[in-house]
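Here is a walk through a multi-chain model, taken one region at a time. Please keep the viewer open and follow along.

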Amino acid sequence: MALTKEQVLHVAKLARLALSDDEIEKFQRQLSVILDHAEKVMALADDGVPATAHALPLSNVFREDVAEPCLPQDKALSTAPESEQGRFKVPRIMEDPT
Amino acid sequence: MNYEAVIGLECHVELNTESKMFCGCPTTFGGEPNTRTCPVCLGEPGSLPVPNRRAVESTMMIGLALGCRVAPHSLFHRKNYFYPDMPKNYQISQYDLPLCIGGRLDVEVAGTKTTVGITRVHLEEDTGKSLHIGTTGRISEAKYSLVDYNRAGIPLVEVVSEPDIRSAAEAQRYVAELRSILEALGVSDVRMEEGSMRCDANISMREPGGEFGTKVEIKNLNSIRSVGRALTFEIERQRKALEAGQALLQETRHFDESSGVTKTLRSKEEAFDYRYFPEPDLLPISATADWVSALESSLPELPQARRARLAAEHGLSVEQAHAVGASVASTGYFEGTVAAGANGRDAAVWMAGELGRALNNAGVGIQDARVSPAQLADLIRLVGAETVNLNTAKRVFQMAFESGDDPGVIIGREGMAQVSDEGALATAIAAVVASNATEVERFRAGEEKVFGFLVGQVMRETKGKANPALVNDLLRKVLTTGGA
Amino acid sequence: MSELWQLSATEIAMRIANGEISAVEVAEAHNARIEALEPEINAFITPTPDIARAQAKAIDERRATGAPLPPLAGVPLALKDVICVDGVRTTAGSRILDAYVPPYSGTVVHMLADAGTLLVGKANMDEFAMGSSTENSAYGVTKNPWDLARVPGGSSGGSAAAVAAGMAPIGIGTDTGGSIRQPASLCGVVGMKPTYGRVSRYGLIAFASSLDQIGPFARNVRDTALLLNAIAGHDPKDSTSIPDPVPQYLDGLDAGIDGLRIGIVKESLSEGTQPGVAGRFKDAIETLTSLGGEVEEVSLPSFAHALSAYYLIAPAECSSNLARYDGVRYGMRADAPTVSEMNARTRAQGFGDEVKRRVMLGTYALSAGYYDAYYGKAQKVRTLVIRDFDEAYQKFDILVSPTSPTTAFKIGEKADDPLAMYLNDLFTIPSNLAGAPAISIPCGLAEDGLPVGLQIMGPLLSESLLLRAAFAYESARGPAERPPL
Ligand SMILES: [Mg+2]
Ligand SMILES: [Zn+2]
């Protein structure tokens, strides 16, 4: 199916990608081709077929509830683009969490 | 028009496991920021989650306590949205295959019982916390924010109710009852003020039995009181709007504690698209019948059963059973007092009265009460033995609560023992009769109500320590026989 | 006598254990080889000669004490730059992680160090392992040692090229849809994707979590088996790790394949397959038959559809896995007044074209209203692929196909046509969807003088069998051709 520009913009917003107009146009075209191809094949899978999320027949893997050593604060923050007061520093948060 | 409220609650409960949901970091409160973190809970590239068995079992126990079915097959899903508090920008949660489904919780308000359906109980991970730096510390006015991931990955259980609640009072009762169940299970600290339990409320109005109205969600109510205040406000707001013929918006609102008002947080158009899909890093959970029945048989006594037992064993009223059986700690206190020799009803009265007041004033929980159950039993015994009268006993209790000293010691030290010595009382009565000639005359003339005043004067004369029954007897004898 | 860089891992380990050569000599020989060839090949994002040297010194000191040496003591190793090493820059081929130095090491990194390997460098790759040519690396394409105008395949192109060019006798890659086997095929080396869960993914920067698997590269089957033993095993840090004990893969390696039932995947013999590739594949079938293999054609109808399912599942998972690259905790950060703007600009500047394309595709495939049509359907096709394999393995012990429909293509040739590029993985993807193991071994040169790979596939945990079949074939055909370097 052909994606509309609005759909591509919406997806870019969900994916947090500040795309250029050229990129929007290009992805609109390319994604449409890929999805088109996919759709034809997907028609094979009827409702009777169960979905596979994990290829292996494993289940119930747990760890025991035991506390383990943590990273020291300076190591936890060593990768941070910016930090302050032992915390990761970020620009203004405009939206509230869900 | 007669509108009724339709309310459903989603309560998030932090479990009290030793370690986080998917890594070994400790869950202890406090600590320097970002010192309870590791590659997993920081969402470092390449790190992988491994679920905490105890968290899974605690969730199943909550479900069982709420009469849910533990699903034979459940799955973790990823809930995708961007937020800096969330290290991976997805939350590992559950979606269409939660751990527990379909339970119930009975709530009773003013003698009316309601059964609230439980839709599901599922397990997820908590986020980190941000500090908003700016003039007010409020997110909307912050210049920038600072993120601490110590809380990221703490196991969080979500209990979702059916929209079966009809009033703010019922909602409060529901949260209180849920809290008391969680406390009985010992799976959470349930300290709402520390954020270990918080609720979101969905609320709409309808004509009784009619179609559901437009649904509003109120986020992050962090005390039982807030649940009540927010819903009371919101029900009124919606009722007024409907009566004025205004349409309500489907939106998410936030409750402002200081003003007691709910405010728009975002409207439906900004709703998120979470793109749930099965978490590929985690395997399914298969709850075998053996596993579930082992958990079921390990369930402790739950509040409802506890209250019924307390009422039956000790002859308590419904209200007394509720008060005494409010928590495991409170029940323990009560049972300790009874075991130390007190009568159950006396213990219940003291706990509901003096002890409750003292705890409230001190702002501490019953586990921190400085009067032990044995000490309370002792005080109750001293009242029964007429060593102190009831009013003095209340003062003794207050002093014991402040000092931690034994009531007997306080009574001895402060000379608070009840005066039952007839000679001493006769002297006090004589003094009162002598100095209140007018009142004595009026009584003798048939004005019965003056008697109470004269008893009071004798009590004053003895600094409140006189045995009131004895004073009554002796005074009446003196006044009616004319002797002194 | 051969140069040190020409020796196999088995020979190096043996000679060091014997005291014939020192581990430091081996490290220096390979460091020098890398230094000499890197300007042309670009197999590494970050060469780590100092680490190799230090590890070699420790091996030599240990040998001097007379203590027993681990199985790969003193063997140089190229590690795909998608696996975290504590204190060593790890980029996943992306600009967004250009300055990222992980605070921890992946499980295989510890295991490889314990096995005695010397880390000579972090190998080049397609960004976040998305690609089949290494052209998507933010650090420049790796050149195929057979022809510097051609790609080495991908995404583990750096590791494959390094092993082919003698920069290291062994390498570690990752395979999500063929990313070990296809570059192994294009570079003329052995590459294996183990059963999903056989090797821990802890510390592997995720592309598509339900498909990713770490595996070995080497120039012969014996070295491959040795390296697989070094990295396979249960890891409590990876929930999807298989608890079953790991066999000794060298045991019974030379037991032959007499009577082995071998299925030729009919769907891999389409007209899209390059004639030279088809030719070498037919030769390989003859060799297998001559060794006593009972060869027959088998049809796996879902094989052709696996590609489409893969190109929904992998992007969907990657769209979520890559959400964490937001400029908050690590990696690149673009300037912006608000967090959401900062996230969006960082990601736009930090990710390359292919990554953005797949993130977009995956986000769309998971979004409200499309999940069932795309992701949900793809998961069902995945079931069909597994069923086809299960049915085939009722009749056959192993299945064979060419690894890749073509030999190495020219740099830039397919860069503008994502769909054409995706076709490279046509034969390798089904094994990833099924979680099953598969190996690619060199089976001669095509009409263009470039290497062709034979893919051998087997059911879950059949690594021993695959290695045995590959070893029998390799022994019969003789050592693989080496590139003219
Ligand atoms: Mg939730
Ligand atoms: Zn952690």
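Strand β2 (residues 87-91) of chain A runs antiparallel to β9(B), and four bridges join the two. In this predicted model, you can find the pairing by looking for Pro91(A), which stands opposite Tyr144(B) in β9(B). Now turn to another partner of β9(B): strand β8 (residues 129-134) of chain B, also antiparallel and joined to β9(B) by six bridges. Here His132(B) stands opposite Ser145(B). Strand β9 (residues 142-148) of chain B is mostly covered, with six of its seven residues buried.

Glu124(B) belongs to strand β7 (residues 112-125) of chain B and Glu158(B) to strand β10 (residues 155-161) of chain B, so the pair ties together parts that are 34 residues apart in sequence. Both Glu124(B) and Glu158(B) are buried.

Which residues touch the most other members of the largest nonpolar core? Among its 245 residues, they are Ile62(B), Leu66(B), Tyr174(B), Phe128(C), Leu399(C), Leu454(C) and Ile456(C). Helix α9 (residues 303-321) of chain C gives the most to this core, contributing 11 residues. For a closer look, select Tyr174(B): leaving aside neighbours within four places in sequence, its contacts include Leu9(B), Cys11(B), Leu105(B), Val107(B) and Ile165(B). A second, separate core has 30 residues, including Tyr333(B), Ala348(B), Leu355(B) and Leu376(B).

Key:
Residues numbered from 1 in each chain as written. Chains lettered and ligands numbered in written order. Predicted model: local features only at pLDDT ≥ 70, side-chain atom pairs only at ≥ 80, totals over all residues. Heavy atoms only, no water. Buried < 20%, exposed > 50% of the residue type's maximum accessible area, 1.4 Å probe, protein only. Pairing = 2+ DSSP bridges. Core = buried A, V, L, I, M, F, W, Y, C linked by side-chain atoms within 4.5 Å. Contact = heavy atoms within 4.5 Å.
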